[in-house]
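Reader: I would like to learn how to read the features of a model like this. Where do we begin?

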Amino acid sequence: MLNGFMIIVVLVLGVEFYSSENPGPFGIPTIQKISGYSEHLRNWDPSDDNKSNPWIVYKQELKAKEEKERKEQEEKKRYYNAAIQATINIIDIAI
């Protein structure tokens, strides 16, 4: 319904093209990228189960990277917890 209304408004009122160097009070709009992914990924549907779909490999690599980062964070947490416990033990001995 709204699309039909817009077409009627355009037909009745016409369209005015603005071609001045002055961008006006609203400035020049910026172009928004739809996707930051590389070109070879943008040409495929991520849910496509075709074996040559690059998203399949990308998702596996991303999952492996996230798992590696999670393990590194857990290792850091264990290290810091051990360091804190050692500090508490030293303070207990000193007191």
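Author: With a definition. A salt bridge is a side-chain nitrogen of Lys or Arg within 4 Å of a carboxyl oxygen of Asp or Glu. With that in hand, look at Glu67, Arg70 and Glu74: salt bridges link them in a network. Keep in mind that this is a predicted model.

Reader: Which distances belong to the salt bridges of arginine 70 with glutamate 67 and with glutamate 74?

Author: The side chains of arginine 70 and glutamate 67 meet at 2.3 Å, N to O. For arginine 70 and glutamate 74 the value is 2.3 Å, N to O.

Reader: How many residues apart are arginine 70 and glutamate 67 in helix H3?

Author: They are 3 residues apart, so about one helical turn separates them. Arginine 70 and glutamate 74 also both lie in helix H3, 4 residues apart, about one turn of the helix.

Reader: Are arginine 70, glutamate 67 and glutamate 74 buried, partly exposed or exposed?

Author: The cut-offs come before the labels. Buried means under 20% relative accessible area, exposed over 50%, and partly exposed in between. Arginine 70 is at 38% relative accessibility, so it counts as partly exposed. Glutamate 67, at 32%, is partly exposed. Glutamate 74 is partly exposed too, with a relative accessible area of 34%.

Reader: How many salt bridges does a search of the whole structure find?

Author: The search finds 4. One of them joins the side chains of glutamate 39 and arginine 42, at 3.4 Å, N to O. These residues are 3 apart in helix H2, so about one helical turn lies between them. Glutamate 39 has a relative accessible area of 47% and is partly exposed. Arginine 42 is partly exposed at 42% relative accessibility.

Reader: Let us turn to rings. How is a pair of aromatic rings described?

Author: By two values: the distance of the centres and the angle of the planes. Searching the whole structure gives 4 aromatic pairs. In one of them, tryptophan 55 and tyrosine 58 sit edge-to-face, 5.4 Å centre to centre, with 85° between the planes. The cut-off for edge-to-face is planes over 60 degrees apart.

Reader: Where in the fold do tryptophan 55 and tyrosine 58 lie?

Author: Both are in helix H3, residues 54–94. They are 3 residues apart, so about one helical turn separates them. Tryptophan 55 is at 8% relative accessibility and therefore counts as buried. Tyrosine 58, at 26%, counts as partly exposed.

Reader: What geometry do tyrosine 79 and tyrosine 80 show?

Author: They form an edge-to-face pair, 5.6 Å centre to centre, with 65° between the planes. Both tyrosine 79 and tyrosine 80 are exposed.

Reader: Which residues do ring pairs link into a cluster?

Author: Tyr37, Trp55 and Tyr58.

Reader: Which backbone atoms does the side chain of asparagine 53 reach?

Author: Read each atom pair with its distance. The side chain of asparagine 53 reaches the backbone oxygen of aspartate 48 at 2.8 Å. It also reaches the backbone nitrogen of tryptophan 55, at 3.0 Å. Then read the contacts. Leaving aside neighbours within four places in sequence, asparagine 53 is in contact with Trp44, Asp45, Pro46 and Asp48.

Reader: What does the fold as a whole contain?

Author: Start with the elements. The protein has 3 helices and 0 strands. From the N terminus on, the order is α-α-α. Then take burial and surface. Of the 95 residues, 5% count as buried. The protein exposes about 9,500 Å², and carbon and sulfur atoms supply 61% of that area.

Reader: Where is confidence lowest, and where is it highest?

Author: Go from the average to the elements. The protein averages a pLDDT of 81, and 76% of the residues score at least 70. Confidence is lowest in helix H1, residues 2–13, at a mean of 60. Confidence is highest in H3, at 90.

How values were computed. Residues numbered from 1 in each chain as written. Predicted model: local features only at pLDDT ≥ 70, side-chain atom pairs only at ≥ 80, totals over all residues. Heavy atoms only, no water. Phe/Tyr/Trp six-rings, centres within 6.5 Å; stacked < 30°, edge-to-face > 60°. Helix = DSSP H or I, 4+ residues; strand = E, 2+ residues; numbered from the N terminus. Buried < 20%, exposed > 50% of the residue type's maximum accessible area, 1.4 Å probe, protein only. Polar contact = N/O pair within 3.5 Å; in protein donor to acceptor, adjacent residues only side chain to side chain. Contact = heavy atoms within 4.5 Å. pLDDT = per-residue confidence, 0-100. Areas by Shrake-Rupley, 256 points an atom, 1.4 Å probe, with all protein chains shown as cover.
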